[in-house]
Amino acid sequence: MQIKNIVLYSHSGKSRILDFDLGSVNIVTGASKRGKSALIDIIEYCFGSNECRIAEGIIRRTVKWFGIRLQLPNGQIFIARENPPIDQKSTNRAYIKQQDIVSIPKEIKEPNTTIEAVIQTLTKQIGISPNLYIPPQGHTREPIEANIKHALLFCLQAQEEVASKNNLFHRQSDAFLSFAIKDTLPYFLGALRADDLAIKQEIKRKNTILRKLKRELNEAEMIEGEGISKATILFEEAKSVGLIDEYKKNPVSLEEYIREFNEIVKWDPKQFDYPENDRVNLLRDELRKLQKEYFEKKERVKSAKVFENEVSGYMGELEHQRLRLETINLFKDSEKEIEKCPLCSSQLNKTYDPIKKIYANLRRVKNNLAKTEKEKTKIRNYINNLEDELAELKMKIRIKEAEIKDLILQNEATQTLNDKYLKISRVVGRISLWLDSLKLNDNLSGLRENIRVLENEIEELEKKIDAEKVQEKIDSILSRLSLDMTKWSDELKLEHSNNPVRLDLNKLTVVVDNSERPIPLNRMGSAENWLAYHLISHLALHKFFVEKSRPIPNFLIIDQPTQVYYPTENYEDKKEFINNLNDEDRQAVNRIFKLLFDVCDMLSPNFQIIVLDHADLPDKKYQSAVKHRWREDKALIPADWINEVS
């Protein structure tokens with residue numbers, strides 16, 4: 001993924017298109033306050049930033065939509081996002097168009113998507129598989145899923161960042177983003193495979209089920225522990241309200257209590273004859289019917305939710321299979337590829353049966369997912385309807401109970417009988433609940449077995465993800481990055497060169513290991529060092545990303561890399577700038593740009609560098625890379641746009 005164009009649309013319908021070359025160094029040079037630095041904010045905004053960070057001023061007043069056309073290996077995507085009103089940080093109004101070759105719209109009148117959908121599309125197109133990083137135990141931060149916005153953090157170096165001694169990555173100082181960088185970088189480096197992340201998600205799902213089963217077991221064991229003592233208390237309560245003869249001896253075993261209680265719960269409240277108030281009995285009958293209907297529907301809701309969970313589990317398994325297939329780029333919609341090898345995409349002389357079977361199986365997985373999703377929606381609608389009916393029945397029950405209460409209060413004798421009725425009803429209810437709890441206890445052995453099986457499954461899954469092996473892989477990758485960083489440090493003739501240079505992912509910084517002690521970036525002297533170590537770190541990372549085909553945009557944007565060599569506000573004229581540089585600084589600047597050109601050429605056509613700078617070096621290669629020169633009356637925003645809003 002590289003940047004082909006950045007596009008601005010004015011309020012009057014005009015457009016400003018900036019072209020960039022793919023697979024090479026692109027330079028935007030110009031005087032101060034011409035809009036160079038705003039390009040980073042525009043790109044980040046189009047990629048789905050939560051906030052439009054483009055500074056208030058001419059750009060925000062004149063531009064209605066910001067757009068970007070991206071080149072992919074198999075097509076192009078054009079994305080535009082509306083400039084938010086001054087009193088808002090962002091807007092969800094977005095436009096997207098994707099084709100083999102996308103023509104840039106002359107004007108954008110209305111959005112056709114949301115920024116959430118744009119983020120999902122870019123995340124999928126760059127090749128980021130569904131993933132979830134779960135922080136180690138003891139960490140309070142939430143799990144994080146890497147997406148295109150996290151990937152972009154490794155592609156931008158703003159003016160205040162490129163020579164920072166404290167922060168190596170874009171927006172590293174923002175709240176929580178340093179943790180996001182730490183948590184997602186192992187995935188982007190390839191130390192965590194998509195399969196590993198899928199297994200982690202499965203472990204999380206099974207742990208959720210395990211906690212629920214353990215709660216159920218704990219409750220059941222508490223009921224079981226009460227045993228016969230609870231039955232004795234209930235038996236005495238039944239005597240006190242006249243359900244059992246007060247002189248009857250208590251049973252001696254739990255089975256005898258159960259037999260007694262099964263008879264008690266058959267108690268019929270119709271035996272209460274309310275004087276001069278047949279209406280109460282009629283309302284009682286209606287109330288019992290409503291209550292019966294309520295509890296029946298409640299059981300149906302419970303059963304439906306159990307079925308819904310089973311469907312979700314089945315979908316989870318299907319989704320897991322789909323993710324595995326997506327990881328190796330086999331999950332395609334078209335059968336046009338059937339005459340190509342699904343692994344290496346080479347053309348085959350004839351279609352082999354095994355390949356047909358592969359695509360047949362892929363179709364089956366997709367169809368099953370689609371059908372199951374439809375069924376899940378139906379189940380959810382069914383549950384929602386039942387829950388609405390339950391709420392309505394609950395209201396009817398309350399109304400009916402209120403009617404009965406009003407009638408009872410009208411007659412003292414009726415009220416006395418009702419008090420007795422309520423006491424008996426409560427005792428019968430408690431006995432019925434206790435009997436139901438015993439039925440749950442019958443499944444104690446089944447609960448314990450389910451917990452044992454689930455714990456074994458989680459243990460087996462955890463064995464597949466060895467944290468030590470992941471760390472070993474990260475260390476191996478960092479060692480490879482260190483080779484390039486050390487080599488380039490020597491080429492740039494940096495302070496502490498001839499010593500190993502490495503990335504410290506825990507502290508998100510660069511470290512030089514000299515013979516006495518490790519020296520982190522913030523303890524190195526001079527802005528020249530901070531700038532150069534930033535550059536070699538990001539170039540080493542992108543070299544690795546490109547060579548390993550990692551899901552990171554294949555561009556690096558660097559704002560003002562020459563800022564440490566001269567005060568830009570004093571040297572608007574390029575000749576004056578060059579003439580006022582001493583030999584040592586001039587050579588350092590030339591070495592920096594030589595390194596940028598060399599790395600880009602080495603990775604061509606799979607890597608693009610965009611430099612935003614005041615400098616306009618006379619070097620032939622530098623001049624050939626200048627795509628836009630904004631001096632005098634030329635700038636990001638055309639003069640006639642400014643006149644329109646003046």
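Reader: Why is phenylalanine 78 called buried?
Author: This is a predicted model, and in it phenylalanine 78 has a relative accessible area of 0%. Buried means under 20%, so phenylalanine 78 counts as buried.

Reader: And what makes tyrosine 95 buried or exposed?
Author: Its relative accessibility is 18%. The cut-off for buried is under 20%, so tyrosine 95 counts as buried too.

Reader: How many aromatic pairs are there?
Author: The structure holds nine. One of them is phenylalanine 78 with tyrosine 95.

Reader: What makes phenylalanine 78 and tyrosine 95 a pair, and why is that pair called edge-to-face?
Author: Their ring centres are 6.3 Å apart, and rings pair if the centres lie within 6.5 Å.

Reader: What sits over the face of tyrosine 187?
Author: Arginine 550 does, at 5.6 Å from the ring centre. The distance limit is within 6 Å, and 5.6 Å meets that part of the test. Tyr187 also belongs to an aromatic cluster with Phe154, Phe169, Phe188 and Phe545.

Reader: Why is strand 3 described as largely enclosed?
Author: Six of the six residues in strand 3 (residues 25–30) are buried, so the rest of the structure largely encloses it. Val25, Ile27 and Thr29 point one way, while Asn26, Val28 and Gly30 point the other way.

Reader: How do you know that strand 3 pairs with strand 13 and strand 14?
Author: Pairing needs at least two bridges. Strand 3 has five bridges to strand 13 (residues 608–613) and four to strand 14 (residues 626–630), so both pairings pass. Strand 3 runs parallel to strand 13, and its pairing with strand 14 is parallel as well. Asparagine 26 has isoleucine 610 as its bridge partner in strand 13, and isoleucine 27 has valine 626 in strand 14.

Reader: In what order do the six strands of the open sheet come?
Author: The order is 2-1-4-5-6-7, with antiparallel pairing.

Reader: What makes strand 2 and strand 7 edge strands?
Author: Strand 2 (15–19) and strand 7 (113–114) each have a single partner strand, so one side of each has no neighbour in the sheet.

Reader: How many bridges join strand 1 to strand 4?
Author: Eight, with the two strands running antiparallel. Isoleucine 3, for instance, has leucine 70 of strand 4 as its bridge partner.

Note on methods. Residues are numbered from 1 along each chain as its sequence is written. This is a predicted model: local features need pLDDT of at least 70, side-chain atom pairs count only at pLDDT 80 or more; totals for chains, interfaces and linings use all residues. Side-chain values use heavy atoms; hydrogens and water are left out. Buried means under 20% relative accessible area, exposed over 50%, partly exposed in between (1.4 Å probe, protein chains only). Rings of Phe, Tyr and Trp (its six-membered ring) pair if their centres lie within 6.5 Å; planes under 30 degrees apart count as stacked, over 60 as edge-to-face and the rest as tilted. A charge sits over a ring if NZ of Lys or CZ of Arg is within 6 Å of the ring centre and within 35 degrees of the ring normal.
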